[in-house]
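The sequence and the structure come first, then my entries.

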Amino acid sequence: MDTKEKVKQLIEKNDIEFLDIGYMDYAALSRIRTVRVDQLDSLFDQGLNFFAGMMSFNAFDEYIPNPMYGIGDGDFFAIPDPSTFAILPHRQNTARMFCDLVDENGEPWHGCPRQALKRVLKEAEAEFGGNMSLAFEQEAYLLNEVGGKLVSADNTHCFSIEGIQMQEKFLHEFVKAMEEAGVKIEKISSEYGPGQFEINLKYAHAVRAADEQVLFMQLFKQIALENGLIGTLMPKPFQDLSGSGLHVHISMFNNDGKNVFEDLADPLGLTEQARYFVGGLLKHARSLVAIGAPSINSYKRLYPGSFAPAQVCYGARNRSTLIRVTEKRRGSRFEFRGADGTCNPYLLAAALVAAGLDGVKEKLDPGEPLSSDAGILTEEEMKRQGIEWIPSSLDEAITELAGNKKLGEMLGRHIWEEFIKVKRTEVEKAARHVTDWERAELSRRF
């Protein structure tokens, strides 16, 4: 049965009246229009128009100076992918579809993050002879507003049954909403911070996995609001509490179900290609962090001893490293630990695949894995082992990305350039902001 026809049948069967159609921009914000279902044929044929200049807005809804997409650049068009159709149980008679963006001629629009992922993925899968899968593991906080201040929703401890029990209503509603939208959740943990959870999505083909992470970002906040809570994927909402990261597991299987990255005779359980893939991730690591941790707040989480990576290194079973090779019994794969919930999942996935592909093409040896805690390495030990620091600020990370023309070419020049410009405006805005802490500390000293 044609997928478009199946969508029409589901709409009729479930009395769907409205469709959410849109995309995620470079600032990782979902831009959506809601339309009546009687426009369905037009959506599939022509798409839904959006002003191209919307891609030149930053996270503060500010139109950036010298944008690539100006007022005279017209529209791009969001073409819904019928395979992503899902009914939204928390909405009234509403469904959604994720979209690819095309230009006025119906060709893939050069600024579309989802199209960039598809393009890079096609090349990588042809090179490896398999299908690339990703699994996103998101940490996030539930908050309450008390006396005008945001505080954690409870005071429970790490991996506690109390944390799960106290937020059971929210968690059950969230899981059901995700599953009714076709997303499988593997497990939920009460995390290190009070009111913090880690929710692991089941692995899926890379594009679908990115789609599902976008839905996570939307539903976590929405279901929290319906429960009188504030849900946030902010990397570091509290100075003295654990930060929230986003871990991305990368694996590949061929059509026969064989793990393309697995060689059990190897000490790490990795094939030569898989090792080269890790080499590519390490080569581009400082730029990958710019894409995976693209907010000012991101870098308040990434420091030694914080259960978050601070150095460019990899290790087997080592959670202090930026890239972790998992235990053999869990299947040969690797995990990128330098991202958080402020990233655009399509851009991050495209960048990870592109970096790994570059490593394979260039046969980049990742060297020996780090077996010790990276957080306690001295500067001398890091120098001896050729280990760099990851960027310590968004400004430094974006400067690194701006110098990485190879990765920029693989992502697409338009995406690379405009993403950098968008993020630089956010750096500049934050640099001018005067905080309560600055006022309290400096006004009495000077």
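I began with a term: two strands pair if DSSP finds at least two bridges between them. I also noted that this is a predicted model.

**Entry 1**

I looked up strand β4, residues 75-80, first. Four bridges join β4 to β7, and the two run antiparallel.

**Entry 2: the four-strand sheet**

Before moving on, I wrote down a general point. Strands of a sheet pair through backbone hydrogen bonds, either parallel or antiparallel. Next I looked up another open sheet, which has four strands in the order β2-β1-β6-β5. Its pairing is mixed.

I checked strand β1, residues 18-24, against β2. These two pair in the antiparallel sense over seven bridges. Ile21 has Arg33 in β2 as its bridge partner. Gly22 is bridged to Ile32 in β2. I then turned to β1 and strand β6, residues 94-97. Here the pairing is parallel, over four bridges. Leu19 stands opposite Ala95 in β6.

**Entry 3: two hairpins**

I followed β1 into β2 and found a hairpin with five residues between the strands. In this hairpin, Ala28 takes a positive phi near 70°.

I looked up a second hairpin, made by β8 and β9, with two residues between them. Gly147 in its turn has a positive phi of about 60°. Strand β8 (residues 131-146) and strand β9 (residues 149-152) pair in the antiparallel sense over four bridges. I noted one of these partners: Leu143 is bridged to Ser152 in β9.

**Entry 4: two helices**

I turned to helix α5 (residues 168-180) and helix α6 (residues 206-226). Their axes come within 10 Å and cross at roughly 145°. The crossing is right-handed.

Which residues of α5 meet α6? I listed Phe170, Glu173, Phe174, Ala177 and Met178. On the α6 side they meet Glu212, Leu215, Phe216, Leu219, Phe220, Ile223 and Ala224. I sorted the residues of this contact by kind: ten are nonpolar, none is polar and two are charged.

**Entry 5: Asn259**

I found Asn259 in the loop between β14 (246-253) and α7 (272-283). Is Asn259 buried or exposed? Its relative accessible area is 8%. Buried means under 20%. Asn259 is therefore buried.

I then looked at what surrounds this residue. The side chain of Asn259 reaches the backbone nitrogen of Phe261 at 2.9 Å. Leaving out residues up to four places away in sequence, Asn259 touches Met252, Phe253, Gly331 and Ser332.

Notes
Residues are numbered from 1 along each chain as its sequence is written. This is a predicted model: local features need pLDDT of at least 70, side-chain atom pairs count only at pLDDT 80 or more; totals for chains, interfaces and linings use all residues. Side-chain values use heavy atoms; hydrogens and water are left out. Axes are lines fitted to C-alpha atoms, for helices over the stretch in contact, and angles run from 0 to 180 degrees between N-to-C directions. A crossing is left-handed if the near helix is turned anticlockwise from the far one by less than a right angle, and right-handed if clockwise. Contact means heavy atoms within 4.5 Å. Ala, Val, Leu, Ile, Met, Phe, Trp, Tyr, Cys and Pro count as nonpolar, Asp, Glu, Lys and Arg as charged, and the others, Gly among them, as polar. Buried means under 20% relative accessible area, exposed over 50%, partly exposed in between (1.4 Å probe, protein chains only). A polar contact is a pair of N or O atoms within 3.5 Å; within protein, one must be able to donate a hydrogen and the other to accept it, and residues adjacent in sequence count only if both atoms are side-chain atoms.
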